Amino acid sequence: MPPHAAISRYSGDAWFGVPIAVANKLARLRHLDIISHEGDRVVLHVPAAQRPELHELLDLNATLEVEDVAAALAASFQPWRAQRARALAASEWENWFQDWHPLSEIEDKLEKLAVQFGGRATLITLGTSAHGRPIRALHVGVGEPYEIVVNGCIHAREWIAASTVIYVAEWLLRNSTNSGLAWTLIPVLNVDGYEYTWTTDRLWRKNRQETPGCMGIDLNRNADIAWAGSDDCDQLFPGKTPLDAVETRVLRSFLQTRSVRGRLVTFFDLHSAAQMVLSPYAYTMEPPLAEDSLRLARVAIADAMNQVARQSHRSSYHEGRAATTIYQVPGCIFDDAHANLHVPFSFAIELRGHHHFQQPAILALQCGKELTAGFLAFLPMLNTSSHFGVWALARSPKVLDSLEVLVQKNVLLVGCLLFLLLFLAACCISQRRGRLQQTSPADVDMEELGTNYLTYETDDDVHGLLREARHG
């Protein structure tokens, strides 16, 4: 059944397609919600009460996408969609994806999978949320040396991410990939926010943590990488300090534990619905050192997803570095995983659904098939990628174990070798100093070393924007 209370609050609200520059300013000034990004335009949520005030500006710059948001959201639960879903489900287990599922049903599904596939699946709890709810995941695999983590619903309203993670989990359990990899699949990280989207507000994005101002923190702006603060009533509020959101800390701690000794090889963070395969970095335009390997991987994933997607629709997935492909933003968890936790492959995947949050539940079944195809195309690259090969050799558990034994048994020998190396290095430095001329260091342009973030002009007002629109 649709969550009527969470949907009806949006009666009379509308969605407009707006140029991104205008939308950013309006969102900042009026705390309007940006629903999705589509190229150089975004879909902006305008409450019914503000439509008269912004009427002229929107007429000049915007196209009406959805006349009544509440009606559009309710449409995703229409019975005819469920009938079509039954026709699209190829097997009995896929019937679960005919409907959207509240948190209790998702947790029940995880428990049933853990029981049904007890030899290969384990239900684990990563931690608890700000409101004390358990954050649960399904671990697939026994004894494998390496691991892939797939995270869903870091943003509460992106329901399709949760269902897609469930699909991938069950597909892995029903189909052996013989990859030698373990998987940890987290359908809903933002459990408090997800529950709130069912009880109160379908379009809630942040978590439900108390803050000094407005409620909630955007978990995907809260990671400790190029973190930047903002207004605490902003939909993208990143918290008062890095990692002050409970759920971000839980996920980060789990990833950090798994990354010790090189176990964690890939992290996927699922979102909706721009249809993109994005690699680091989001916080800077500069490519990471591993860009060649990341580019080959994201191209392989996107190509495989597109082969499946084109069987049912014409739109396709694009790929690229996040900052240059969609937008530049600090504090993303997949950036943190790659840069600070040294996870060699880290991606944010925007699932499809250009109907925004009015898409039918069955779309998760299609997304699951597309994403599974992408994963299968990517897995062989873990064995062939030069970046991963060197990384894995240097940090594999067997190599580290051997080094530990060597150090334990030959402490004196290792100490002597280190002393000899330091002595030789000191001699080389001394000789070079004798040949070098005294020079003063070149001036460094600190602006060039800095990172340019997507900024908002806070001193403009709506009237100023209207004047810009009229003259430009």
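Modeller: The model is a predicted one. Its secondary structure comes to 19 helices and twelve strands. The part to look at is helix α8, which covers residues 191-199.

Seven of the nine residues of α8 are buried, so the helix is largely enclosed by the rest of the structure. Those buried residues are V191, D192, G193, Y194, Y196, T197 and W198. What do they pack against? The partners are α1 (4-8), α6 (103-116), β6 (134-140), α7 and α9 (246-259).

Two of these partners, α6 and α7, also pack against each other, at an angle of about 5 degrees and with their axes 11 Å apart. That angle is under 35 degrees, so α6 counts as roughly parallel to α7. On the α6 side the contact is made by I106, K109, L110, L113 and Q116. On the α7 side it is made by A162, I166, E170, L173 and R174. By class, this contact of α6 with α7 has six nonpolar, one polar and three charged residues.

Helix α7 also has a part in the largest nonpolar core. That core has 115 residues, and W183, L255, F347, I349 and F378 touch the most other members. Its largest share, twelve residues, comes from α7, which spans residues 159-174. Apart from this core lies another, of 16 residues, with V22, L32, V46 and L58 among them.

Next comes the loop between α8 and α9, where A226 is found. A226 has a positive phi of about 55 degrees although it is not a glycine. With a relative accessible area of 25%, A226 is partly exposed. L243 is found in the loop between α8 and α9 as well. Phi of L243 is near 65 degrees, again a positive value in a residue other than glycine.

At 8% relative accessibility, S272 counts as buried. Leaving aside neighbours within four places in sequence, S272 is in contact with E158, I160, E350, L351 and F357. The peptide bond from S272 to A273 is cis, with omega near 5 degrees. A273 lies in the loop between β9 and β10, the latter being residues 276-279. Another cis peptide bond runs from P280 to Y281, with omega near 10 degrees. Y281 lies in the loop between β10 and α10.

Helix α10 covers residues 291-309 and includes V299. At 27% relative accessibility, V299 counts as partly exposed. V299 and G374 are 75 residues apart in sequence, and their C-alpha atoms are 9.5 Å apart in space.

Two values describe the protein as a whole. Among contacts between residues at least 6 apart in sequence, 76% join residues at least 24 apart. The protein exposes about 21800 Å², of which carbon and sulfur atoms supply 54%.

To return to the part in question, α8 is largely enclosed by the rest of the structure, and α6 and α7 are among the elements its buried residues pack against.

How values were computed. Residues numbered from 1 in each chain as written. Predicted model: local features only at pLDDT ≥ 70, side-chain atom pairs only at ≥ 80, totals over all residues. Heavy atoms only, no water. Core = buried A, V, L, I, M, F, W, Y, C linked by side-chain atoms within 4.5 Å. Buried < 20%, exposed > 50% of the residue type's maximum accessible area, 1.4 Å probe, protein only. Helix = DSSP H or I, 4+ residues; strand = E, 2+ residues; numbered from the N terminus. Contact = heavy atoms within 4.5 Å. Areas by Shrake-Rupley, 256 points an atom, 1.4 Å probe, with all protein chains shown as cover. Axes fitted to C-alpha atoms, helices over the stretch in contact; angles between N-to-C directions. Parallel < 35°, antiparallel > 145°, perpendicular 65-115°, else oblique. Nonpolar A, V, L, I, M, F, W, Y, C, P; charged D, E, K, R; others polar.
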